[in-house]
Amino acid sequence: MARSRISPAPPRIAEPDLPEKLTPAALGRSADVLGARITLGAGGTDAAHARVSESVIAAASVETLDLTGAVLSDVVADGLSAAEVIAREGTWRSVVVRGGRIGTLDLSRSRCDGLVLEGVRIDYLTVAGATLGDVEIEGCRIGTLDAPGAQIQRMRVTGSTVDECDTREWTTSDLDLRGADVLAFTDVRALRGATLSEDQVTTHASAFAVALGIDVRAADDLSRTTPRL
């Protein structure tokens, strides 16, 4: 007999494979870094199109980190505070971003497989047009989650707050939002197939009604609109 499928399927997350000993290193444009403990400068770091594998990005407070088109594999970023992290059109595999605060994290048109955001505060997170698979967002505070046109598979959000979530034209499967406190969705119709809690459905009931074309009015309006016999 076939085993019943768990729904929503949880993300398949593997810990980044890191060597026991890391060599100190810095990042640069088109750099190739393997098995390193990376130190960032306080200003801006241009690491566009770099390849970073089996490495740790040490805690730092920086202005910008440019990872446009970069490939990150088995990487941990611990306690990173940055005004802006630009990672457009990059590839992230088995990447953990833990702690710290990021003003803007731009992952638009990127591909992420096995991404963990843990205990991070992000003012603006954009994954517009990105392809995301096996994503875990845990204990995060996100101002805006901008995801129009994103393709998302096996993503789970727990213990996190999102002020606004732009869901326009995204496609999802196995999206578990039960642990997300979302104040507003741009388009609740895009939540078709997502898993929500009963409390979340109650909170956003008015938005769901509007999306379905239901006219919701207070019960006391009935006496004023019904003609007397």
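What is the volume of the largest cavity? In this predicted model, the largest cavity has a volume of about 100 Å³. The legends below begin with the whole chain and then turn to individual sites.

**Figure 1. Overview of the protein chain in the predicted model.** The chain contains three helices and 18 strands. Its C-alpha trace extends about 85 × 55 × 25 Å along the principal axes. Of the 229 residues, 45% are buried. Among contacts between residues at least 6 apart in sequence, 10% join residues at least 24 apart.

**Figure 2. Close-up of the largest cavity.** The structure holds three cavities of 30 Å³ or more. The lining of the largest cavity comprises 13 residues, and Leu-67, Ala-77, Leu-80, Trp-92 and Val-97 lie nearest its centre. Strands β7 (71–78), β8 (80–86), β9 (91–98) and β10 each contribute at least two lining residues. By class, the lining has 13 nonpolar, no polar and no charged residues.

**Figure 3. Close-up of the second largest cavity.** This cavity has a volume of about 70 Å³. Its lining is formed by Leu-107, Leu-115, Leu-117, Leu-125, Val-127, Leu-132, Val-135, Ile-137, Leu-145, Ile-152 and Met-155. Two or more of the lining residues come from each of β11 (111–118), β13 (131–138) and β15 (151–158). Strand β13 gives the most, with three residues. The lining divides into 11 nonpolar, no polar and no charged residues.

**Figure 4. Trp-92 and the largest nonpolar core.** The largest nonpolar core has 59 residues, of which Leu-27, Leu-40, Leu-67, Trp-92, Leu-107, Leu-125 and Val-127 touch the most other members. In soluble globular proteins, nonpolar side chains tend to be buried together. Leaving out residues up to four places away in sequence, Trp-92 touches Leu-67, Leu-72, Ala-87, Val-97, Leu-105, Leu-107, Arg-111, Cys-112, Asp-113 and Leu-115.

Figure 5. Asp-106 belongs to strand β10 (residues 101–106). Asp-106 counts as buried because its relative accessibility is 10%, whereas the cut-off for a buried residue is under 20%. The side chains of Asp-106 and Arg-88 are joined by a polar contact of 2.7 Å. Apart from neighbours within four places in sequence, Asp-106 is in contact with Val-85, Ile-86, Ala-87, Arg-88 and Thr-126.

**Figure 6. Close-up of the largest pocket.** The largest pocket has a volume of about 180 Å³. Val-188, Arg-189, Leu-191, Arg-192, Phe-208, Ala-211 and Leu-212 line this pocket. Five of the lining residues are nonpolar, none is polar and two are charged.

How values were computed: Residues numbered from 1 in each chain as written. Predicted model: local features only at pLDDT ≥ 70, side-chain atom pairs only at ≥ 80, totals over all residues. Heavy atoms only, no water. 1 Å grid on protein atoms, 1.4 Å probe; cavity = no way out; pocket = protein on both sides within 12 Å on 5 of 7 lines; lining within 4 Å. Points joined across faces, edges and corners; volume = space filled by probe spheres on them. Nonpolar A, V, L, I, M, F, W, Y, C, P; charged D, E, K, R; others polar. Helix = DSSP H or I, 4+ residues; strand = E, 2+ residues; numbered from the N terminus. Buried < 20%, exposed > 50% of the residue type's maximum accessible area, 1.4 Å probe, protein only. Polar contact = N/O pair within 3.5 Å; in protein donor to acceptor, adjacent residues only side chain to side chain. Contact = heavy atoms within 4.5 Å. Core = buried A, V, L, I, M, F, W, Y, C linked by side-chain atoms within 4.5 Å.
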